[in-house]
Amino acid sequence: MMKLSLLIPVLNEEESIRKLVPAVDEAFTLETDVILEFVFVDDGSYDSTFSILVALANQDSRVKVVRLSRNFGSHAALLAAFTYCTGDVASYLAADLQDPPSVLREMLQKWKEGSPVVWGQRIKREEPLSQKLFAQLYYQLMRRYALPQIPAGGLDICMIDRKVIDTIVEMREKNTSIFGLVLWSGFPPSFVHYERRQRQHGASRWTLGKKIKLVVDSFVAFSFTPIRLVTYLGLCFAFLGFGYGTFTVIRALMGYTTIQGWASIITLILFLSGVQLLMLGIVAEYLWRTFDESRQRPPFIIRDTAGF
């Protein structure tokens, strides 16, 4: 017998979580050699999510619940689930059931065949056009500038071996992407294709602000491209300034010096000042994250637990 831990971060999912456990059980009806463990992490819900989870834990010994003291973000919640799970293998699963539980069986088979990391790769998304475009742009940028091993279609489900779980937990990085850490760790992956379904219950908490933070965190954590861009821009403007200065001196020596316009000078100053502030902002993103890691604050704080 082997144990599969399902890691499920939740935020105000009172409409979905009651249906999740039965849906997973239905998908694993024929898997007689698998023991399931459900590790729910309540990432600061303010509805009845936690009370429903506690009731589930009291009814089903397989259900474990971890409640964070506030909303730390989905990746911190997932790290908490990795920390508390006890399975031989673990998989992320969204509480909204957009990712069908049946795909977990195929991923588990790949793991049994020897793959320490198994990715669920989408071949189709039943989502609004804006979300599709954002996801496509994000993964293209990550493939090009940060993690070239990311599949073009993106990744939403990951099943990893106990050795990989322990590796991720030991890192305990903040302001990063858990999936990015799994890719960066270098364990050989295999892939299972599936179609992601449309959300059936509740509203997504994946806001534009959280999406932007994910993009920034991913690039700062796994790519030096933004810093390299600062260097290139600095060199570019230095050469342009040197060229323009040489041109001005030559014109003065040849007697063609004229009074320059105020508008052009102000425009140039404002443009260069904007570029300098942009460069400082990029550097500050790296410095702030370095400072945040140096304080060694925990990536999450546990408020309550149930089912353990």
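Analyst: Happy to! Asp-25 and Arg-62 form a salt bridge, with their closest N and O atoms 2.9 Å apart; the term means a side-chain nitrogen of Lys or Arg within 4 Å of a carboxyl oxygen of Asp or Glu. This pair links distant parts of the chain, 37 residues apart: Asp-25 belongs to helix H1 (residues 17–27), while Arg-62 is in the loop between helix H2 (49–59) and strand E3 (63–68). Helices (H or I, at least four residues) and strands (E, at least two) are DSSP runs numbered from the N terminus. Asp-25 is partly exposed at 26% relative accessibility, and Arg-62 is partly exposed too, at 24%. On this scale, buried is under 20% relative accessible area, exposed is over 50%, and partly exposed lies in between (1.4 Å probe, protein chains only).

A word on the ground rules: this is a predicted model, in which local features need pLDDT of at least 70 and side-chain atom pairs count only at pLDDT 80 or more, whereas totals for chains, interfaces and linings use all residues. Residues are numbered from 1 along each chain as its sequence is written, and side-chain values use heavy atoms, leaving out hydrogens and water.

The salt-bridge count comes to six. Another of them joins Asp-166 to Arg-162, with the closest N and O atoms 3.2 Å apart. Both residues lie in helix H6 (residues 162–171), four residues apart, about one turn of the helix. Asp-166 has a relative accessible area of 35% and Arg-162 one of 23%, and each counts as partly exposed. Asp-304 pairs with Arg-303 at 3.7 Å between the closest N and O atoms, and Asp-304 is partly exposed at 30%. Shared partners also join Asp-25, Asp-60 and Arg-62 into one network of salt bridges.

Charges meet rings here as well. Arg-67 lies over the face of Phe-50, 4.3 Å from the ring centre, and the charged end of Arg-70 sits over the ring of Phe-72, 3.9 Å from its centre. The rule is NZ of Lys or CZ of Arg within 6 Å of the ring centre and within 35 degrees of the ring normal.

Now to the nonpolar packing. The largest nonpolar core has 40 residues, and those with the most contacts inside it are Leu-7, Leu-68, Phe-82, Trp-119, Ile-160 and Ile-168. Such a core is a set of buried Ala, Val, Leu, Ile, Met, Phe, Trp, Tyr and Cys residues joined through side-chain atoms within 4.5 Å. Helix H3 (residues 74–84) gives the most to this core, seven residues. Ile-168 touches Leu-79, Phe-82, Ile-178, Leu-181 and Val-182, leaving aside residues up to four places away in sequence; contact means heavy atoms within 4.5 Å. A second, separate core of 37 residues includes Ile-8, Ala-27, Val-89 and Tyr-194.

Finally, the aromatic rings: the structure holds three aromatic pairs. Tyr-92 and Phe-179 form an edge-to-face pair, 5.8 Å centre to centre with 75 degrees between the planes. Tyr-92 is in strand E4 (residues 89–92) and Phe-179 in helix H7 (residues 178–185), so the pair ties together parts 87 residues apart in sequence. Rings of Phe, Tyr and Trp (its six-membered ring) pair if their centres lie within 6.5 Å, with planes under 30 degrees apart called stacked, over 60 edge-to-face and the rest tilted. Phe-179 is buried at 15% relative accessible area, and ring pairs link Tyr-92, Trp-119 and Phe-179 into a cluster.
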